[in-house]
Each structure stands twice: as structure tokens, then as C-alpha cells.
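Me: I would like to go through the labels used for this model one at a time, asking what each rests on. Please set the values against the definitions before concluding.

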Amino acid sequence: MEDEEEIVKTMKEPYQWMLDDIETENKVWLKSWGIKPKSAEKRKEIFDKWFSNVPSLLPLTGSVFVVSDENLEWRPILSVRGSDILIMGWDFKTGLLNEIRNHLDIYIDIFDEEDQMFYPELLPEVQEIFDENIMYNKTKDVPYLKEMMLYWSSGWSGFGLNYFPEGTRGHPITKTFIAEEEI
């Protein structure tokens, strides 16, 4: 991006997307924010205070951002779509590989006897990169965004947590908290 105005707009998008999820049909509200106020102005004030502590998110492509915080050991690559935030990789290499993997020749077709079909699987050495990168490590954290990431079930695996029992296939949206409106 050469246009400074476009760069500034893109850097502000995660803020607006998350704020929109608070005020639209998703009605996102985190436990750490306390009781959800009826007033839209008060909700925005609480969100703004929280978001001011979120590490900078530098745009890479579309809705993909790198967390920019010198105090973090890992600088994860995130896919940010409103309050639905996924870890694409805990480092740039893995995040980039995840983002462009469909454009690389890193798959092999494996025949499934039961379905009588071929399915693409990552080459073992590439799968190993992903497996090692996503392994839990207590230094892997995204300050302030972690709770937002865990609001939807999609963020759990990036923190080495498995909300769903082993062997289950469904991953329904699981909210960690729905606050009550003030009386």
C-alpha cells in the first residue's frame, strides 16, 4: 500500500470490526468488561478503554494481521474478522505458510477407502511445521485479545486448549460469557 490514507484505514479496521460485533447481531460482550450497559455510548466507552490496551495489529493481507509488541516472545499472525480471531501461526513463517498454502505444491492426495475418494493432505514435513508451531507453550499469548479469541470456539486450539472432547467433530460456537443488561 502506497497511499497513507489507505494504510491508516486498514490499521483501524480491527477496531471497527470488533466494535461492530458488540453492537450488531453477535452482541459480543466479554466477562472482563463487567455487566453490559444498556447505553451504546457506555458500551463503546468500555470497549474503547479495553481496545486501547490491545497490541498494535499491523496489516499483512485482507483480514490478516501481525501482532506488534516488542514485549512478546511470539508475534502471532492473526486472522481478524470482527470478534472471531484465529491464530494462523505463532510466527511469521507459519502464518505466511498457512495464508498461502493453497498456492503452494505442499499437498499429496490420499485415497480414502471408505469414501472411495482422494483427499489432499499436507506433506508430512509441512504438517510437522504446523504441529510444532501450534503446540502449547506458556509464552504464547496475545494480551487483551486472548479473551476475545476464546469468546468463540475457534480460538481455543491456538492456546493449546481443547474445549471439545477427543473424537468429536462438531465445533459449534461456544460463548464463554453473555452478560446481562443493567436493570
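Me: Where does Leu104 lie, and why does Leu104 count as partly exposed?

Reply: Leu104 lies in the loop between H3 and strand E5 (107-112), where helices (H or I, at least four residues) and strands (E, at least two) are DSSP runs numbered from the N terminus. This is a predicted model, in which local features need pLDDT of at least 70 and side-chain atom pairs count only at pLDDT 80 or more, while totals for chains, interfaces and linings use all residues. Residues are numbered from 1 along each chain as its sequence is written, and side-chain values use heavy atoms, with hydrogens and water left out. The relative accessibility of Leu104 is 34%, and buried means under 20% relative accessible area, exposed over 50%, and partly exposed in between (1.4 Å probe, protein chains only), so Leu104 counts as partly exposed.

Me: What makes Leu60, Phe92, Leu96, Ile100 and Leu104 a nonpolar patch?

Reply: Patches are made of residues with over 30% relative accessible area and no salt bridge, like charges being joined within 9 Å and nonpolar side chains (Val, Leu, Ile, Met, Phe, Trp, Tyr) within 5 Å. The 34% of Leu104 is over that 30% limit, and together the five residues of this surface patch have about 390 Å² of accessible area (Shrake-Rupley method, 1.4 Å probe; for residues, only the protein chains shown count as cover). Helix H3 (residues 92-100) gives the most to the patch, with three residues.

Me: How do you know that Lys9 and Glu13 meet in a salt bridge, and is Glu13 buried or exposed?

Reply: A salt bridge is a side-chain nitrogen of Lys or Arg within 4 Å of a carboxyl oxygen of Asp or Glu; for Lys9 and Glu13 the N to O distance is 3.4 Å, so the pair meets the definition. Both lie in helix H1 (residues 4-23), four residues apart, about one turn of the helix. Glu13 has a relative accessible area of 18% and is therefore buried, whereas Lys9, at 46%, counts as partly exposed.

Me: Why can the pair of Arg43 and Glu23 be said to tie together parts that are apart in sequence?

Reply: Their side chains meet in a salt bridge at 2.7 Å, N to O. Arg43 lies in helix H2 (residues 40-51) and Glu23 in helix H1, so the pair ties together parts that are 20 residues apart in sequence. Arg43 has 9% relative accessibility and so counts as buried, while Glu23, at 30%, counts as partly exposed.

Me: What separates Asp48 and Lys44 in helix H2?

Reply: Asp48 and Lys44 form a salt bridge as well, with their closest N and O atoms 2.7 Å apart, and because they are four residues apart in helix H2, about one helical turn separates them.

Me: What makes strand E1 (56-61) and strand E4 (84-89) edge strands?

Reply: Four strands form an open sheet in the order E1-E2-E3-E4, with antiparallel pairing; E1 and E4 are its edge strands, since each pairs on one side only. The twist averages 40 degrees from one strand to the next.

Definitions and conventions. Two strands pair if DSSP finds at least two bridges between them. Axes are lines fitted to C-alpha atoms, for helices over the stretch in contact, and angles run from 0 to 180 degrees between N-to-C directions.
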